[in-house]
Amino acid sequence: MDDLELFRNIINQKINLSDSEAEIIVSTLKHKSYKSNTLLLSSGETCKYIYFVLKGCVRTYYISSKGDERTRRISFEGQLNTVFTSFVAQAPSSELMETLEDSDILLMGYHDFYSLVDQIPAWETFYRKNLEEAFIYQNIKIKSLMTLSAAQRYQMVLTETPHYLQRLSNRILSTYLNISQETLSRLKSK
């Protein structure tokens, strides 16, 4: 499957594009391959890209004032990732992004992205749907951190995203659940 087909599979989950629209969009993309544990964005850098994950895994995370990592988002094949607060405002990011596996990613730059929003109505719809999904995802994550116990958050991952347990290390999963690795090990052993 070529980049165009893979990209269309990602996009077609949310919008329908004509062949000519898809070709215009694909012409703005850069295909890059990254090794596992490659830093895509450092804290303090401005996020210049939307990342479409074709293969692999990307995480977005913070480092707390105590030096602890807190994973905000994990993206696998068929998903996009970016730091919207930095990307939209073109301001320095307080988050970092890294690959957790060898990854093939399509990158779209800021100017191309917004040029397409202006040119292609379906792309504007795609953007809006992604913003809405990001908003809902973050609200669910915040609510779970504020109202659920560690065991309940772990159970939520087991039920809703069991592939996280297969593909993420205990260290990364514990930073996503906001629990210690020891607590995660206890929960897994039950």
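Helix axes here are lines fitted to C-alpha atoms over the stretch in contact, and angles between them run from 0 to 180 degrees between N-to-C directions. With that in hand, welcome to a short tour of this predicted model, in which local features need pLDDT of at least 70, side-chain atom pairs count only at pLDDT 80 or more, and totals for chains, interfaces and linings use all residues. Residues are numbered from 1 along each chain as its sequence is written, and side-chain values use heavy atoms, with hydrogens and water left out. Helices (H or I, at least four residues) and strands (E, at least two) are DSSP runs, numbered from the N terminus.

**Helix H6 and its partners**

- Two packed helices are described by the angle between their axes and the distance between the axes.
- Helix H6 (residues 150-160) packs against helix H8 (residues 170-177) at an angle of about 115 degrees, and the two axes are 10 Å apart.
- H6 passes H8 in a right-handed crossing; a crossing is right-handed if the near helix is turned clockwise from the far one by less than a right angle, and left-handed if anticlockwise.
- On the H6 side, the contact (heavy atoms within 4.5 Å) is made by Arg153, Tyr154 and Val157, and on the H8 side by Leu173, Tyr176 and Leu177.
- Sorted by class, this contact of H6 with H8 has 5 nonpolar, no polar and 1 charged residues. Here Ala, Val, Leu, Ile, Met, Phe, Trp, Tyr, Cys and Pro count as nonpolar, Asp, Glu, Lys and Arg as charged, and the others, Gly among them, as polar.
- H6 also packs with helix H9 (residues 181-189), at an angle of about 60 degrees and with the axes 10 Å apart. H6 passes H9 in a right-handed crossing.
- Ala150, Ala151 and Tyr154 of H6 meet Thr183, Leu184, Leu187 and Lys188 of H9. By class, that contact has 5 nonpolar, 1 polar and 1 charged residues.

**Arg59, a buried arginine**

- Arg59 sits in strand E4 (residues 58-63).
- With a relative accessible area of 0%, Arg59 is buried; buried means under 20%, exposed over 50%, and partly exposed in between, using a 1.4 Å probe and protein chains only.
- The side chains of Arg59 and Glu69 are joined by a polar contact of 2.5 Å. A polar contact is a pair of N or O atoms within 3.5 Å; within protein, one must be able to donate a hydrogen and the other to accept it, and residues adjacent in sequence count only if both atoms are side-chain atoms.
- A polar contact of 2.7 Å links the side chain of Arg59 to that of Thr71. These two residues are 12 residues apart along the chain, and their C-alpha atoms are separated by 6.9 Å.
- Leaving out residues up to four places away in sequence, Arg59 touches a set of residues including Asn81, Met97, Glu98, Arg171 and Thr175.

- Thr82 lies in the loop between strand E6 (80-81) and helix H3 (84-89), and at 4% relative accessibility Thr82 is buried.
- A polar atom of the Thr82 side chain lies 2.8 Å from the backbone oxygen of Tyr49.
- Not counting residues up to four places away in sequence, the residues that Thr82 touches include Cys47, Tyr49, Arg72 and Phe87.
- Ser189 belongs to helix H9 and is exposed, with a relative accessible area of 62%.
- The side chain of Ser189 has a polar atom 2.8 Å from the backbone oxygen of Arg186.

**Cysteines**

- The structure holds 0 disulfides, a disulfide being a pair of cysteine sulfur atoms within 2.5 Å.

- Gln90 has a positive phi, near 50 degrees, in a residue other than glycine. Gln90 lies in the loop between H3 and strand E7 (96-99) and is partly exposed at 30% relative accessibility.
- Asn178 is not a glycine either, yet its phi is positive at about 60 degrees. Asn178 is in the loop between H8 and H9, where its relative accessibility of 34% makes it partly exposed.
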